[in-house]
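Open the model in your viewer and keep the selection panel at hand.

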Amino acid sequence: MKDNILIVGGYGKVGSIISRHLAELYPKKTIVAGRSFEKAKILSETLDHNVIPYHLDIDTQTDNAVLENTKLVVMCIDQKDTKFVELCIETGVHYIDITANQHFIDKVELLDEKAKSNNVIVALSIGLAPGITNLLAQHCANQISETTVIDIFILLGIGEKHGDAAYRWTFDNIHSSYNINDSGKTKTINTKQVLTRMAFDSTILTSLVALLRKSGLTKIFNYKIFQNICIYLFKKMKIGSDEFAVKAVAGNTANEIYECSLEGKGEGKTTAYIAIETVLYVIQNNFSNGVRHIHQIIENIPEFLENLKRYDSTIEVKYKNIRNNE
Ligand SMILES: NC(=O)c1ccc[n+]([C@@H]2O[C@H](COP(=O)([O-])OP(=O)(O)OC[C@H]3O[C@@H](n4cnc5c(N)ncnc54)[C@H](OP(=O)(O)O)[C@@H]3O)[C@@H](O)[C@H]2O)c1
């Protein structure tokens, strides 16, 4: 019977939180996988053997034995290509990915027709950014007519201790620039323009990164050796906090402005909670298949955000209609 949930990277920083919660909800039906069977086994032991340890290297994975009895995959690592996603689709396995890698997301979007014809849902943008950013932007756009611009603000605490994969993603992206689609409509939210700004809870670090970007010196963050040094230093460092905040502000030509925000502690933990809630949503609801971003899946966004508070009381959500001053 196809009723297992496979968590790839399931003993990593974010993956282990997902594993712990799903072990309670689906005991003996949750498979924790990664390249170290030993690490998967240790996590399984700490969770009273309610998760099944499994050795899996998706870079070399060629057979789909583990997918035969799997209903849904939660992917907690950054992949180089879409081979494994395609394998899931071909085997009729739903797929949820917490990656924030935009180039990879763009490639997965091309699998929409394939996912539809195999009756599979591929859920993307499951995290804080992208993820909560999409939900807040979509919710704001729903509140006012003909939204023309959405500004997204992301504040990250530099005191949070991430897993290596998450640090690498941050360093890989410090030097990247993104094209903003200004052709009349952004890809999935009905507005002309979406602008995203990111800052850290240290003014010095934010200014330093801005300066390095201007001078082109952020290129250095692309080198693995430099990344390794930075990861070591960030893990040792005791400055900043683990607080984060995300805010979206939508406006239109009639000067209507609507904003909403979500703040809390622990970007990694919150990403895990979003993934768990998405797992429950995908399993319990019947909606159209295909490749979907989180804001195209969740129908009642305030309810979804409210549910996150059950995991962590530090999460706060605020809404504000500026023109009506509500
Ligand atoms: N969207 C968001 O807002 C958001 C927020 C936070 C994190 N993330 C993303 O979440 C992901 C995980 O972050 P993390 O902090 O949990 O990192 P992490 O602690 O390094 O976890 C990654 C896990 O993947 C496993 N892994 C690596 N390569 C693998 C492979 N080829 N096959 C199977 N397993 C493999 C690792 O174990 P082994 O090395 O033993 O295999 C490890 O357990 C990152 O991609 C990060 O960018 C997204």
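What percentage of the 326 residues of the protein chain count as buried? In this predicted model, 37% of them do.

Start with the whole chain shown as a C-alpha trace. Along its principal axes the trace spans about 55 × 45 × 35 Å. Switch to a cartoon: the protein chain holds 12 helices and 12 strands. If you display contacts between residues at least 6 apart in sequence, 72% of them join residues at least 24 apart.

Next, select the five strands of the open sheet, whose order is 8-7-9-10-12 and whose pairing is mixed. At its edges are strand 8 (193-200) and strand 12 (316-321), each of which pairs on one side only. Ignoring direction, neighbouring strands of this sheet are turned by 10 degrees against each other on average.

To find one of them, pick Y258: its bridge partner in strand 12 is N321.

Finally, select helix 6, residues 132-143. Which strands does helix 6 lie across? They are strand 7 (149-156), strand 8, strand 9 (243-251), strand 10 and strand 12. Look along strand 9 to compare directions: helix 6 runs at about 30 degrees to strand 9.

Definitions and conventions
Residues numbered from 1 in each chain as written. Predicted model: local features only at pLDDT ≥ 70, side-chain atom pairs only at ≥ 80, totals over all residues. Pairing = 2+ DSSP bridges. Helix = DSSP H or I, 4+ residues; strand = E, 2+ residues; numbered from the N terminus. Axes fitted to C-alpha atoms, helices over the stretch in contact; angles between N-to-C directions. Contact = placed C-beta atoms within 7 Å. Buried ≥ 20, exposed ≤ 12 C-beta atoms within 10 Å, placed from the backbone.
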